[in-house]
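Open the model in your viewer and keep the sequence panel beside it.

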Amino acid sequence: MQMLLHILEIIVGFLLLLKGADFFVDGAAALAARFGIPQIVIGLTIVAFGTSAPEAAVSINAGIHHNDGISIGNVVGSNIMNIMLILGITAVICMMKVKESTIRIDMPVLIVASFLMAGWGYFGKTISRTAGVIFLVILVAYLVYLGYYSRKNGADTDVEIKEIKNWLLPVFILGGLAAIILGSRLTVNGASYVAKAFGLSDRLIGLTVVAFGTSLPELMTSVTAARKKNADIAIGNIVGSNIFNILFILGITSIIIPLPFISETADFTIDACVSILAALLLWTASWNGKVGRRLGIILLGCYAVYFGYLVVNI
């Protein structure tokens, strides 16, 4: 009975994370628009940060409560899942075009960030506060350049902003934030209990269950876009989400509390290498501006092998 309650706790936590992020983004974007902030700025900051809120909340909460395996595993696992599983499924459904800016700017930034995370973690054994500061500095530089590039080249970075009555704005923003915080706590609590009950590590739970739950927005967005024949946006959203996962989430979390990358209970070296492989595979395969079913099958096959490795090495 107690196990069922904790599984329910995880499910409720995921729901609160997802809906809380939606409410927070809608409210914050509408508030920013009220103050005359350009849509391009809202898209590159509020919406981008907001869609990473589930991962951020879970990782920060897990880090504070010393569930380091969930904290880093959630980020690395989400990045692997986003490319190999979510983009794999989307590519099998339909052909996807890749924007030039995604190939020239976003993917190289993701690869550099992935190498930096893996290298710092492997040689330093910990994602330290210094690493966190460097991650955030790179993120700010990336956003500034992206804003400049978008304005210069007329790239489409505008976002749809919902009309929300003034008196409802605090409800959306504060209510969404409260749901994110509560959802992260429930998710970490439930996942930690399930891991211990089945003799699993926080690393495994973070890389699989928690990573899947916090990647649900990307999954729903990508599959829906594919079904509507608008799959062009899927790759850009996934790559952008992965960049924020490393630079923003690990950056903020490691500043609050340094995160062990290699310890007696967890070693994320292989997982970080898999995330680099996924990014490189996507980048090299998309040089012709398209991602099709063949790559989708390869990505899904790679994820099946990786998942098998996790199961064998429980």
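**Helix α5 and helix α6**

Select residues 100–124, helix α5, and residues 129–153, helix α6, in this predicted model. Their axes come within 12 Å and cross at roughly 175°. How do α5 and α6 run relative to each other? An angle over 145 degrees counts as roughly antiparallel, and α5 and α6 are therefore roughly antiparallel to each other.

Now show the side chains where the two helices meet. On α5, the contact is made by Ser101, Arg104, Ile105, Asp106, Val109, Leu116, Met117 and Trp120. On α6, the partners are Thr130, Ala131, Ile134, Phe135, Ile138, Tyr142, Tyr145, Leu146 and Tyr149. Colour these residues by type: 13 are nonpolar, two are polar and two are charged.

**The whole chain**

Zoom out to see the chain, which has twelve helices and four strands. Of its 314 residues, 51% are buried.

Next, colour by confidence. The average pLDDT over the chain is 83, and 88% of the residues score at least 70. Where is confidence lowest, and where is it highest? The lowest mean, 62, is in helix α2 (residues 39–51), and the highest, 95, is in helix α11 (residues 269–285).

Consider also which parts of the sequence meet. Among contacts between residues at least 6 apart in sequence, 85% join residues at least 24 apart.

**Helix α1 and helix α8**

Select residues 2–34 for α1 and residues 202–214 for α8. The axes of this pair come within 9 Å, with a crossing angle of roughly 35°. Phe14, Leu17 and Leu18 of α1 meet Val209, Val210, Gly213 and Thr214 of α8. Five of the residues in this contact are nonpolar, two are polar and none is charged.

**Lys125**

Go to Lys125, in the loop between α5 and β2 (126–127). Is Lys125 buried or partly exposed? Its relative accessible area is 43%, so Lys125 is partly exposed. Check its backbone as well: Lys125 has a positive phi of about 65° although it is not a glycine. Most residues other than glycine have a negative phi.

Select Ser275 in helix α11. Ser275 counts as buried because its relative accessibility is 5%, and the cut-off for buried is under 20%. Leaving out residues up to four places away in sequence, Ser275 touches Val76, Ile80 and Met117.

Then move to Ser286, in the loop between α11 and β4 (290–291). Ser286 is buried too, with a relative accessible area of 0%. Its contacts, again without residues up to four places away, are Val98, Ile103, Met107 and Val291.

**Asn245**

Finish at Asn245, in helix α10 (residues 232–256). Asn245 is buried, and its relative accessible area is 0%. Which residues is Asn245 in contact with, leaving aside neighbours within four places in sequence? Show Ser52, Glu55, Val75, Ser78, Asn79, Asn82 and Leu250 around it.

Technical notes. Residues are numbered from 1 along each chain as its sequence is written. This is a predicted model: local features need pLDDT of at least 70, side-chain atom pairs count only at pLDDT 80 or more; totals for chains, interfaces and linings use all residues. Side-chain values use heavy atoms; hydrogens and water are left out. Buried means under 20% relative accessible area, exposed over 50%, partly exposed in between (1.4 Å probe, protein chains only). Contact means heavy atoms within 4.5 Å. Axes are lines fitted to C-alpha atoms, for helices over the stretch in contact, and angles run from 0 to 180 degrees between N-to-C directions. Angles under 35 degrees count as roughly parallel, over 145 as roughly antiparallel, 65 to 115 as roughly perpendicular and the rest as oblique. Ala, Val, Leu, Ile, Met, Phe, Trp, Tyr, Cys and Pro count as nonpolar, Asp, Glu, Lys and Arg as charged, and the others, Gly among them, as polar. pLDDT is the predictor's confidence in each residue, from 0 to 100.
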